[in-house]
Amino acid sequence: MARTPLALAALATSAIPGLEVVGVRGSQRASGDVQTAEIVDATGWHWVVRCPVSAAAGAAMEAERALLQNLAAAVDEERLPFAVPRPAGDVELPEGGRAVVVPALAGRPLDLEQLGPGPGLSAGLGRAVAALHELPPEVVADAGLPVYDADSYRARCLAEVDEVARTGHVPAVLLERWEQALENVALWRFRTTPVHGDLHPESILVSGTEVTAMTTFTSAHVGDPAEDLAWLMASAPLDALDA
């Protein structure tokens, strides 16, 4: 069920008793069947309200909530050099699932064009992603999220390739390339780690040369760390990749 930004703001007042909303800041965003809006309260504090629009999204947000508690502990223990959302309140939805309200995090969405060579933002992004990958798998496993070893992750990828092949929309030459990579066992000898699973510019907040926060962990799991780097390989400036 889709809601207007004002309806999301009303949910926030139910989630946090006493919250006085004076405005909705910016445009509403939707990603992965989750609606998001930023609101401002009477003290000038900014909040983000997230609301699932499907049962699957609601289940993913429930799992994410447990993971965020574990990640927040890692932040407090200085094992992560960036902030993560910390739910301040929630409210059950009539159709099922819960809307969640979190304090807005500092920083602006990552601009890939600002990535470049040398010890700047590119290196800061690398440190942030590496810190996530270096967490123990139990941080994710204890939240009930999927855990794969290299073999089971390869099997998952094979199933995905079979599924997209059945659509008939993928060129044969690309399917052959994927299949060759999946059959090359030398490429599948790695230690799986916690991964974000859906990194994109909106889920990474930055300030200066450092990552200040990561958000939207609904696709997190223990799997191939390369998954968090593939989007950079495809989208970031080439001269930034080494850094």
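These legends accompany close-up views of a predicted model.

**View 1. Helix H5 has a buried side and an exposed side.** Welcome to H5, which has 18 residues and reaches 26 Å from its first C-alpha to its last, close to the 26 Å expected at 1.5 Å a residue. Its buried residues are Ala150, Tyr153, Cys157 and Val161. These residues lie on the same side of H5, because they cover an arc of only 80° around the axis. An α-helix has 3.6 residues a turn, so residues three or four places apart point the same way. The partners of the buried residues of H5 are H6, S10 and helix H7 (227-235), against which they pack. On the face of H5 turned away from the buried side, look for the exposed residues Asp151, Glu163 and Arg166.

**View 2. The two ends of H5 each have a local feature to look at.** At the start of H5, aspartate 149 extends a side-chain oxygen to within 3.2 Å of the backbone nitrogen of aspartate 151. Just after H5 comes glycine 168, whose phi is positive, at about 75°. Further along, proline 171 sits in the loop between helix H5 (150-167) and helix H6 (172-183). Proline 171 counts as partly exposed, because its relative accessibility is 47%. For a sense of scale, proline 171 and methionine 1 are 170 residues apart in sequence, and their C-alpha atoms are 36 Å apart in space.

**View 3. Tyr148, Tyr153, Trp188 and Phe190 form a cluster linked by ring pairs.** A search of the whole structure finds three aromatic pairs. One of them joins tyrosine 148 and tyrosine 153 in an edge-to-face arrangement, with 5.9 Å centre to centre and 75° between the planes. Another joins tryptophan 188 and phenylalanine 190, and this pair is tilted, with 6.1 Å centre to centre and 45° between the planes. Phenylalanine 190 is partly exposed, with a relative accessible area of 23%.

**View 4. The side chain of aspartate 41 reaches two tryptophans.** Aspartate 41 belongs to strand S2 (residues 34-41) and is buried, with a relative accessible area of 7%. Which atom of tryptophan 45 does the side chain of aspartate 41 reach? The side chain of aspartate 41 reaches the backbone nitrogen of tryptophan 45, at 2.8 Å. With tryptophan 47, the link is between side chains: a polar contact of 2.9 Å joins them to aspartate 41. Leaving aside neighbours within four places in sequence, aspartate 41 is in contact with Leu19, Glu20, Val21, Val22 and Trp47.

**View 5. Glutamate 78 and threonine 216 have positive phi values.** Most residues other than glycine have a negative phi, and most peptide bonds are trans. Glutamate 78 has a phi near 65°, and its place is in the loop between helix H2 (55-76) and strand S4 (89-92). Glutamate 78 is exposed, with a relative accessible area of 72%. For threonine 216, phi is near 50°. This threonine 216 lies in the loop between strand S9 (210-214) and strand S10 (221-223).

Terms used:
Residues are numbered from 1 along each chain as its sequence is written. This is a predicted model: local features need pLDDT of at least 70, side-chain atom pairs count only at pLDDT 80 or more; totals for chains, interfaces and linings use all residues. Side-chain values use heavy atoms; hydrogens and water are left out. Rings of Phe, Tyr and Trp (its six-membered ring) pair if their centres lie within 6.5 Å; planes under 30 degrees apart count as stacked, over 60 as edge-to-face and the rest as tilted. Buried means under 20% relative accessible area, exposed over 50%, partly exposed in between (1.4 Å probe, protein chains only). Helices (H or I, at least four residues) and strands (E, at least two) are DSSP runs, numbered from the N terminus. The expected span of a helix is 1.5 Å times one less than its number of residues. The arc is that of the directions from the helix axis to the C-beta atoms. Contact means heavy atoms within 4.5 Å. A polar contact is a pair of N or O atoms within 3.5 Å; within protein, one must be able to donate a hydrogen and the other to accept it, and residues adjacent in sequence count only if both atoms are side-chain atoms.
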